[in-house]
Amino acid sequence: MNAAPVTAPLDDWVSRLADEAVAFAERNGTPVKVASGISPSGPIHLGNLREVMVPHLVADELRRRGLQVEHIISWDDFDRFRKVPNVPGVDETWSQHIGKPLTRVPAPHGSDAENWAEHFRRELQSALEELGVEYRGISQTQMYTSGAYIDQVLHAMAQRGRIDSILERYRTLDRGDSAPTQGNAEETDADAADAASGAAEEADGSGDSGYYPYKPYCSVCGTDFTTVTAYDDESTDLTYVCRCGHTETVVLREHTDGKLVWKVDWPMRWAFEKITFEPSGVDHQSPGSSFAVGKDVAPIFGWKRPLGPMYAFVGIRGMAKMSSSKGGVPTAAVALRYLEPPLLRWLYGRKKPNQSFDVALDGELPRTYDEWDALVRKTAGDKAQPGDIAAYARAASVLDTASQQVRQLPLTPRPMPYKTLASVVDITTGDDEQTLRILAALEPDRPLEELSPLRPRLDRATAWVAEQMPAEERTVVRSEPDTELLRSLTDEQREGLRLLLEGSGVPAPSGLGRLEDDWSLAGITHQVYGVAKVQRGMGADQIVKGDKELAAAQRAFFVLLYRLLVGSDTGPRLPTLLLAVGADRVRSLVRPE
């Protein structure tokens with residue numbers, strides 16, 4: 001398939017931002033280059049993923065148009081280790097590393113990663129590969145320690161008075177009546193560090209000895225609890241004192257063990273990489289924040305602030321706003337255990353960046369699959385709208401720059417409803433032979449001889465049942481009959497169970513045969529819905545609308561079956577449940593005494 005643009009309506013946010021990105025780059029006489037910034041300070045959660053997916057979708061759109069676009073991900077692994085997060089394999093002994101670069105903090109216990117940053121970065125890298133995100137990764141540790149930024153650091157120090165005057169205007173704004181309180185500002189900064197790129201909570205370089213936008217790591221204790229006390233522009237001698245008591249003078253033109261403060265570092269990198277498009281979260285775009293300040297700081301390095309749409313937070317259904325430091329937050333890798341990659345891409349593509357949304361990994365997850373399946377069916381027909389076609393294409397494929405071909409991402413060849421798969425896996429406890437037997441019976445007109453056409457969706461559903469399915473929705477089939485309930489049955493209930501098992505004496509479809517006579521999803525459905533009809537003198541296949549008494553009788557019979565089979569008033573769809581349990585076991589559990 002040749003590279004081609006995605007057909008989309010004029011108000012499609014991806015197309016619109018792609019147009020704006022091209023116009024911005026042309027005005028500045030440079031190619032389009034999009035960027036993301038990720039700080040591997042802890043689990044890189046689904047909120048962080050929006051930092052990557054927004055520029056990725058824009059870049060992919062432009063590539064389909066035949067344009068050359070590079071997407072860089074800046075790994076902010078030279079940021080300081082702020083606090084000990086609540087993650088597995090980590091305890092309070094990690095507090096001794098607070099203030100060190102993330103690449104010099106040990107990885108959690110049990111990890112084979114070389115350091116903290118690598119441990120959390122690798123998980124996201126694996127997820128991005130599954131999602132089809134093409135990018136060039138840049139380690140800020142490598143950039144700073146290799147001396148790549150020395151000229152930029154020296155320039156920032158030479159222009160420190162100018163930078164300080166810019167920051168002072170925003171400091172004054174922050175102190176105004178309309179600005180947030182100091183407490184709120186600190187809270188926002190902490191959230192920013194968790195939810196977006198860079199160490200947004202860092203000091204801006206101010207101190208009692210003057211303003212210095214560079215912060216060295218101490219050569220003795222390794223932390224950034226340092227304060228620059230003097231700097232000579234001609235010799236570039238820089239003197240600092242550390243909280244540990246160490247004092248040292250270094251030659252800055254040769255020093256590679258420190259970094260610019262965040263509000264200077266970010267615009268410096270825009271200029272260094274010639275970035276033209278980089279979104280950021282709401283925490284970075286408030287007055288006095290790094291993105292706002294960057295508009296005035298970037299020209300010092302000979303660049304303009306990139307086109308930077310704001311993106312809103314992403315939540316998890318049933319959870320509060322995500323924070324990496326608090327632990328227990330779903331990452332992209334976790335979500336991909338339950339969601340096929342195209343579905344996760346679709347969730348990020350269908351909402352405008354400034355619209356918040358939730359990813360459901362709880363009992364609502366099957367509904368997400370239902371919505372996706374509806375989109376797939378719509379695009380397979382001849383009445384799909386351009387927006388539907390665009391949404392599906394962006395989710396299910398990417399443009400591979402090496403081959404200049406559209407590459408399809410893996411999708412399940414035979415996508416049965418996710419809820420059905422989950423119910424069957426739950427009932428069979430994942431036994432492949434039993435699962436195949438039941439699922440094959442669900443669609444007898446479409447022979448299913450093996451489970452492979454149902455994958456990867458079946459594997460996702462299996463993992464979801466084991467790890468995320470709400471406890472109240474789990475199905476445990478009784479091992480022995482509920483003799484007490486069977487002894488207490490009314491005559492009508494006994495008759496209903498007899499009809500279910502032995503039939504009405506009138507063959508289907510107007511009557512009911514034995515339960516085993518048509519052991520298929522359709523046959524069992526006819527049987528369980530027909531019992532209440534036959535008891536009221538109707539034909540088992542009679543179509544009845546608006547009969548509240550019949551509907552109530554059917555519901556009561558269904559509740560009885562659920563109680564006898566699984567000890568609950570509800571459960572998986574009854575025909576599926578009976579099919580899973582098997583005729584012999586159903587008889588043993590529901591036969592009246």
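**Legends to close-up views**

The model contains 7 cavities of 30 Å³ or more, a cavity being a set of points on a 1 Å grid over the protein atoms alone where a 1.4 Å probe fits but cannot get out. The model is predicted, so that local features need pLDDT of at least 70 and side-chain atom pairs count only at pLDDT 80 or more, while totals for chains, interfaces and linings use all residues. Residues are numbered from 1 along each chain as its sequence is written, and side-chain values use heavy atoms, with hydrogens and water left out.

**View 1. The parallel sheet β1-β2-β3.** Three views of strands and helices below use DSSP runs numbered from the N terminus (helices: H or I, at least four residues; strands: E, at least two). The open sheet shown here has 3 strands in the order β1-β2-β3, with parallel pairing; two strands pair if DSSP finds at least two bridges between them. β1 (33-38) and β3 (136-139) stand at the edges with a single partner strand each, so one side of each has no neighbour in the sheet. From one strand to the next, the twist averages 25°. Between β1 and β2 (residues 70-75) there are 6 bridges in the parallel sense. I38 has W75 of β2 opposite.

**View 2. The second largest cavity, with a lining that includes residues of β1, β2 and α8****.** This cavity holds about 100 Å³ of space, where a volume is the space filled by probe spheres set on grid points joined across faces, edges and corners. Its lining has 16 residues, and A35, I72, S74, R269 and E278 lie nearest the centre; lining residues have an atom within 4 Å of a point. β1, β2 and α8 (262-273) supply at least two lining residues each. The most come from α8, which gives 5 residues. By class, the cavity lining has 8 nonpolar, 5 polar and 3 charged residues (nonpolar: Ala, Val, Leu, Ile, Met, Phe, Trp, Tyr, Cys and Pro; charged: Asp, Glu, Lys and Arg; polar: the others, Gly among them).

View 3. β6 (residues 237-242) runs antiparallel to β7 and is joined to β7 by 5 bridges. D237 has V251 of β7 as its bridge partner. T236, in the loop between β5 and β6, has a positive phi of about 60° although T236 is not a glycine. Most residues other than glycine have a negative phi, and most peptide bonds are trans.

**View 4. The packing of α12 against α13.** Helix α12 (residues 365-380) packs on helix α13 (residues 386-396) at an angle of about 115°, and their axes are 10 Å apart. Axes are lines fitted to C-alpha atoms, for helices over the stretch in contact, and angles run from 0 to 180 degrees between N-to-C directions. The two helices, α12 and α13, are therefore roughly perpendicular (65 to 115 degrees; under 35 is roughly parallel, over 145 roughly antiparallel and the rest oblique). The crossing of α12 past α13 is left-handed, meaning that the near helix is turned anticlockwise from the far one by less than a right angle (right-handed if clockwise).

**View 5. The hairpin of β13 and β14.** Strands β13 (residues 397-400) and β14 (residues 405-408) pair in the antiparallel sense, with 4 bridges. L399 stands opposite V406 of β14. The hairpin has 4 residues between the strands, and Q404 takes a positive phi near 55°.

**View 6. The second largest pocket, with α12 and α14 in its lining****.** The pocket (an open set of points with protein on both sides within 12 Å along at least five of seven lines) contains about 450 Å³ of space. Of the 21 residues that line this pocket, K419, S423, M469, E473 and G571 lie nearest its centre. α12 and α14 (418-428) are the elements that give two or more residues to the pocket lining. α14 gives the most, with 4 residues. The pocket lining divides into 7 nonpolar, 6 polar and 8 charged residues.

View 7. P456 lies in the loop between α15 (432-442) and α16 (457-467).
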